Number of protein chains: 2
Amino acid sequence: MRTDFEAYSPTEANFVPLSPVSFLARAADVYANRTATVFEGTRRSWAEVGARVQSVATGLRGMGVDTGEVVAVFAPNSPAVFELHFAVPVTGGVLCTINTRLEPETVAYILDHSAAKVVIVDARVRPVLDAALKMADSQPDVVEIANVGSAVSCGYETLAMTPADLFLTGPADEWQAITLNYTSGTSGKPKGVIYHHRGAYLMALGTVAGWQVPQAPSYLSVVPLFHCNGWGHPWMMAIMGGKVTFTHSPDAASILAAIKDEQVTHFGAAPVILQMLAENSDQTRFDPPVQAMTAGAPPPPAVLEKTAAMGMDVMHVYGLTETYGHISQALWERDWDSLDASTQADYRARQGVAFPMVENVAVINRDTGQPVPRDGITQGEIAIRGNTVMKGYLGNTSATEDAFEGGWFWSGDAAVVHPDGHMQIRDRLKDVIISGGENVSSVEVEAVLYRHPDVATAAVVAKPDVKWGEVPCAFIELREGADPDAGALIAFCRSHLAGFKTPKHIIFTEIPKTATGKVQKFLLRALAKEG
Amino acid sequence: MRTDFEAYSPTEANFVPLSPVSFLARAADVYANRTATVFEGTRRSWAEVGARVQSVATGLRGMGVDTGEVVAVFAPNSPAVFELHFAVPVTGGVLCTINTRLEPETVAYILDHSAAKVVIVDARVRPVLDAALKMADSQPDVVEIANVGSAVSCGYETLAMTPADLFLTGPADEWQAITLNYTSGTSGKPKGVIYHHRGAYLMALGTVAGWQVPQAPSYLSVVPLFHCNGWGHPWMMAIMGGKVTFTHSPDAASILAAIKDEQVTHFGAAPVILQMLAENSDQTRFDPPVQAMTAGAPPPPAVLEKTAAMGMDVMHVYGLTETYGHISQALWERDWDSLDASTQADYRARQGVAFPMVENVAVINRDTGQPVPRDGITQGEIAIRGNTVMKGYLGNTSATEDAFEGGWFWSGDAAVVHPDGHMQIRDRLKDVIISGGENVSSVEVEAVLYRHPDVATAAVVAKPDVKWGEVPCAFIELREGADPDAGALIAFCRSHLAGFKTPKHIIFTEIPKTATGKVQKFLLRALAKEG
């Protein structure tokens with residue numbers, strides 16, 4: 001074998017570890033004068049954002065944030081959270097954005113499990129964090145974004161004024177952790193999904209190709225930044241020099257107003273948000289069309305029809321927290337333009353084909369290890385391989401090994417492949433409910449139900465829902481003598497669970513079990529679907 | 001320091017070495033039925049191209065091509081050369097596309113220097129290769145693309161029918177060599193620039209973002225595939241599922257006809273080609289506009305004006321063989337649309353700002369190591385850092401070390417930076433002439449001139465030229481008694497040099513030298529410019 005081509009090792013000139021920090025370094029220079037962020041009257045250029053990120057990073061370093069230390073963020077989308085997607089990586093630390101819809105117990109669990117050193121909180125959700133901190137063992141330093149609190153270690157704007165001595169460079173190792181995203185899986189406890197710099201870089205650059213994002217898009221930040229880091233969109237905006245607008249709240253009026261005021265060209269949002277926009281539309285049509293990426297559930301035909309009438313081009317994508325967000329897309333072929341509306345809606349709702357940066361998305365029969373035939377009938381499990389698959393679950397080697405069995409990441413979604421190569425999900429193999437784009441662990445909901453004195457057996461499954469995609473539906477066997485009171489059980493759940501996790505339906509019935517006593521959830525899912 | 005984030009090593013599920021082979025594997029699946037290549041009535045789908053590439057790779061492996069072995073290609077652009085951009089990497093081998101305009105002596109040098117195991121030749125340029133093989137020490141196996149020759153080891157179409165047992169997977173190491181591109185540098189001998197799989201992957205994906213390439217572009221293959229592998233465009237087309245059309249020859253009529261017939265949306269070509277198209281345009285305007293990437297020289301204002309009138313959006317990019325092609329672009333800002341035509345032409349002709357996949361492009365004062373101020377006046381040398389910088393020069397450690405001094409690749413181009421951050425070249429520090437997009441080493445031309453019995457001293461510099469950008473201009477001191485006969489000297493050069501290297505002007509004069517006898521080329525360049 002010839003070896004003369006291998007004579008040269010990487011040097012500083014020809015090897016730079018992949019990191020999305022590079023995109024900001026370039027944006028602060030190349031797009032210096034373009035607007036980067038817009039929020040409540042404050043506009044900042046990419047040069048300003050670059051400078052603020054260096055200051056915030058330097059300030060965090062002063063608080064002890066170094067390689068591998070976790071900075072938790074508990075906040076709705078805002079320019080500060082956007083900046084932290086670059087500032088924490090600059091320190092070498094790991095950004096952990098926490099779902100603001102979670103109950104304090106789970107927030108406390110995440111703060112403890114991640115061993116967060118600092119938590120950055122938006123004043124608007126401060127009470128939930130305070131409740132969580134009371135329950136948590138760890139006591140991270142608290143930084144408040146609005147800078148109005150009293151009992152905070154420091155304010156975010158104070159950090160942003162730190163004289164910078166960290167600059168916009170990534171880590172020496174592109175495999176280094178960059179963010180931590182907690183997901184509800186099949187077990188009750190959230191798992192901490194680790195992303196690395198290499199994956200974040202490729203996710204952002206691959207999404208430009210897959211979504212065909214142009215120069216200087218006007219982007220509205222709707223998809224929560226605590227979901228897969230907003231599907232990697234903050235990093236992508238740095239590549240294209242986009243303008244990123246934030247609304248005070250994600251209500252329909254604010255979003256529709258922002259789209260008009262800032263001439264928004266792109267946003268990402270769950271189908272439930274698209275539906276909300278459609279219901280609140282004033283019938284004017286966006287021209288040119290607004291590009292909407294949607295994920296979390298297939299967009300229903302009615303939503304696709306309404307958003308099309310509003311002037312929105314919806315691209316349905318599919319992915320999981322473990323895959324940095326989207327890894328496949330219902331890629332549109334031009335010759336489908338002539339299909340009837342119903343077929344078009346079906347095609348747009350499929351999970352589709354691999355994104356450009358993904359190495360392989362296959363639907364595999366786990367018994368044989370072989371891909372299923374492309375017949376639109378035979379089911380297999382969606383399996384993914386590529387550089388935008390998580391590093392692993394923090395502190396959970398066995399779950400990580402299970403997830404990567406045989407060299408694939410197993411999605412837990414059962415799907416078919418159509419003759420044109422597009423995948424479509426038919427069933428869920430994991431015991432998880434996806435409601436309004438949020439994952440709900442049925443095990444966690446069941447555990448709360450079992451705490452109620454009247455409950456003998458509880459089994460929670462997904463029930464299809466026009467608005468939310470799915471909602472939790474609880475089947476209950478009561479103890480002898482207990483009264484069936486659905487309202488009381490729902491209220492009990494709500495006192496222990498976030499709203500989106502609380503069952504919307506309670507069905508009192510005998511629960512079908514196998515001979516060995518295992519609940520037959522597939523029968524319950526069928527019942528829930530009918531009922 | 002926390003280390004729990006570093007607990008996981010890469011697995012097959014979450015780490016795949018970057019390689020453009022992945023793009024073809026995906027294209028053969030996702031874009032299976034789309035047209036991939038068009039040439040003289042033959043259309044092949046991406047599925048067919050994927051299958052042929054596997055066969056060609058398997059056939060080459062049968063000829064002994066394995067990791068690090070060189071497959072040379074001497075051919076104008078065609079589907080075969082396009083396929084070889086994937087097939088050779090699949091074998092682990094290194095693709096070396098040789099400039100078909102070179103004289104046999106240099107082709108022989110490249111075959112020997114690269115130690116090519118196989119050479120694939122298009123029947124149209126077979127005589128030059130045969131002449132080269134007579135001069136070469138090495139005797140690679142010959143494969144002819146048209147499959148009509150007699151004295152060939154095998155025909156390309158025979159290779160393409162090999163039953164495949166190699167599949168579309170990249171190497172285990174993304175730093176592995178993928179291609180070898182010979183460049184004329186400051187010395188007379190071409191240097192072999194090594195590209196690796198990682199760089200080729202990032203070049204292609206970054207170009208999608210930088211050029212804003214849409215889904216399913218219709219691409220015309222004009223820029224020679226022997227120039228930086230056609231600027232990485234073959235690999236990029238696999239990302240977006242483009243249709244790649246080839247013409248039998250790159251003349252204006254063929255190109256203009258192909259643009260119309262195949263509804264071409266994108267192509268890349270040197271400014272001299274754009275000018276040729278403009279001169280031969282029938283005044284119809286392309287609508288929608290055709291996107292043209294141009295490099296090799298700044299496009300002159302007249303060319304920009306004419307191509308705009310034809311319905312071409314020209315994006316001027318800058319780069320070198322050592323940087324896989326383009327690394328900066330005259331990125332257009334929307335608010336420049338209102339500038340006057342002359343300013344717009346100036347802005348479009350600048351070398352501009354870094355591409356998205358490039359880590360840093362700076363203009364540096366080599367004495368101080370500091371970037372020059374952004375005043376549009378102070379000159380420094382363009383220096384580049386990033387993953388699309390070559391691995392090194394094959395078998396030339398000292399030239400490689402010089403090129404990477406201080407952790408940058410030094411371009412040899414002197415430039416200023418304007419207040420808006422865009423670079424513009426002012427002078428060339430290396431002794432090279434760029435004529436019609438081809439690099440000409442002045443040292444090589446001088447060496448030929450010195451072989452003529454009448455020449456006492458020869459010095460060759462670039463002379464600005466409306467058509468070619470630059471042409472070689474020779475200053476000659478004759479020996480005593482010799483007659484000044486420019487025509488005879490030019491004919492002598494032409495018998496030893498490719499046409500583009502042959503001086504277009506001969507000036508008989510005393511040559512200015514320093515006290516130590518060094519030719520003062522800067523004075524000659526000034527003279528050439530005036531004359």
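Ala216(B) is found in the loop between α7 and β10 (218-220) of chain B. In this predicted model, Ala216(B) shows a positive phi of about 50° although it is not a glycine. Ala216(B) counts as partly exposed because it has 19 C-beta neighbours inside 10 Å, whereas a residue is called buried if 20 or more lie within that distance.

- Gln263(A), which is not a glycine, has a positive phi near 45°.
- The loop between α10 (252-261) and β12 (266-268) of chain A holds Gln263(A).
- Since 13 C-beta neighbours lie inside 10 Å of Gln263(A), this residue counts as partly exposed.
- In chain A, Asp287(A) and Pro288(A) are joined by a cis peptide bond with omega of about 0°, and Pro288(A) belongs to the loop between α11 and β13 (290-294) of that chain.
- In chain B, the peptide bond from Asp287(B) to Pro288(B) is cis, and its omega is near 0°.
- Pro288(B) is placed in the loop between α11 (271-280) and β13 (290-294) of chain B.

**His196 of chain B**

- Strand β9 (residues 191-196) of chain B contains His196(B).
- His196(B) has 29 other C-beta atoms within 10 Å and is therefore buried.
- Leaving aside residues up to four places away in sequence, His196(B) touches Glu174(B), Trp175(B), Gln176(B), Ala177(B), Ile178(B) and Lys391(B).
- From C-alpha to C-alpha, His196(B) and Val519(B) are 38 Å apart in space, and they are 323 residues apart in sequence.

**Contact between chains A and B**

- Chain A and chain B contribute 57 residues each to the contact.
- On the side of chain B that touches chain A, at least two residues each come from α1 (21-30), α7 (197-211), α9 (233-240), β16 (353-354) and β19 (380-386) of chain B.
- That side of chain B is made up of 30 nonpolar, 16 polar and 11 charged residues.

**The mixed sheet of chain B**

- In chain B, 9 strands make an open sheet with mixed pairing, and their order is β2-β1-β11-β10-β12-β13-β14-β15-β16.
- The edges of this sheet are β2 (42-45) and β16 of chain B; each has a single partner strand, so one side of each lacks a neighbour in the sheet.
- Strand β15 (residues 325-329) of chain B runs antiparallel to β16(B), and 2 bridges join them.
- Within that pair, Ala354(B) in β16(B) is the residue opposite Ser328(B).

**Strand β1 of chain A and its partners**

- Strand β1 (residues 35-39) of chain A is largely enclosed by the rest of the structure, because 4 of its 5 residues are buried.
- One partner of β1(A) is strand β2 (residues 42-45) of chain A, with antiparallel pairing over 4 bridges.
- Thr37(A) has Arg44(A) in β2(A) as its bridge partner.
- A hairpin is formed by β1(A) and β2(A), with 2 residues between them, and Glu40(A) in the turn has a positive phi of about 45°.
- Parallel pairing over 3 bridges links β1(A) to strand β11 (residues 243-246) of chain A, where Phe39(A) stands opposite Phe246(A) in β11(A).

**The antiparallel sheet of chain A**

- In chain A, 5 strands make an open sheet in the order β18-β17-β19-β21-β22, with antiparallel pairing.
- Its edges are β18 (370-371) and β22 (423-428) of chain A; each has a single partner strand, so one side of each is left without a neighbour in the sheet.
- Strands β17 (residues 358-365) and β19 (residues 380-386) of chain A run antiparallel and are joined by 6 bridges; here Ile364(A) is opposite Glu381(A) in β19(A).

**A helix pair in chain A**

- Helix α11 (residues 271-279) and helix α12 (residues 301-310) of chain A have axes that come within 9 Å and cross at roughly 55°.
- The two helices, α11(A) and α12(A), are therefore oblique to each other, and their crossing is left-handed.
- Pro271(A), Leu274(A), Gln275(A) and Ala278(A) of α11(A) make the contact with Val303(A), Lys306(A), Thr307(A) and Met310(A) of α12(A).
- The residues in this contact of α11(A) with α12(A) comprise 5 nonpolar, 2 polar and 1 charged.

Technical notes:
Residues are numbered from 1 along each chain as its sequence is written. Chains are lettered from A and ligands numbered from 1 in the order in which they are written. This is a predicted model: local features need pLDDT of at least 70, side-chain atom pairs count only at pLDDT 80 or more; totals for chains, interfaces and linings use all residues. Two residues are in contact if their C-beta atoms, placed from the backbone, lie within 7 Å. Ala, Val, Leu, Ile, Met, Phe, Trp, Tyr, Cys and Pro count as nonpolar, Asp, Glu, Lys and Arg as charged, and the others, Gly among them, as polar. Two strands pair if DSSP finds at least two bridges between them. A residue is buried if 20 or more other C-beta atoms lie within 10 Å of its own, exposed if 12 or fewer, and partly exposed in between; C-beta atoms are placed from the backbone. Axes are lines fitted to C-alpha atoms, for helices over the stretch in contact, and angles run from 0 to 180 degrees between N-to-C directions. Angles under 35 degrees count as roughly parallel, over 145 as roughly antiparallel, 65 to 115 as roughly perpendicular and the rest as oblique. A crossing is left-handed if the near helix is turned anticlockwise from the far one by less than a right angle, and right-handed if clockwise.
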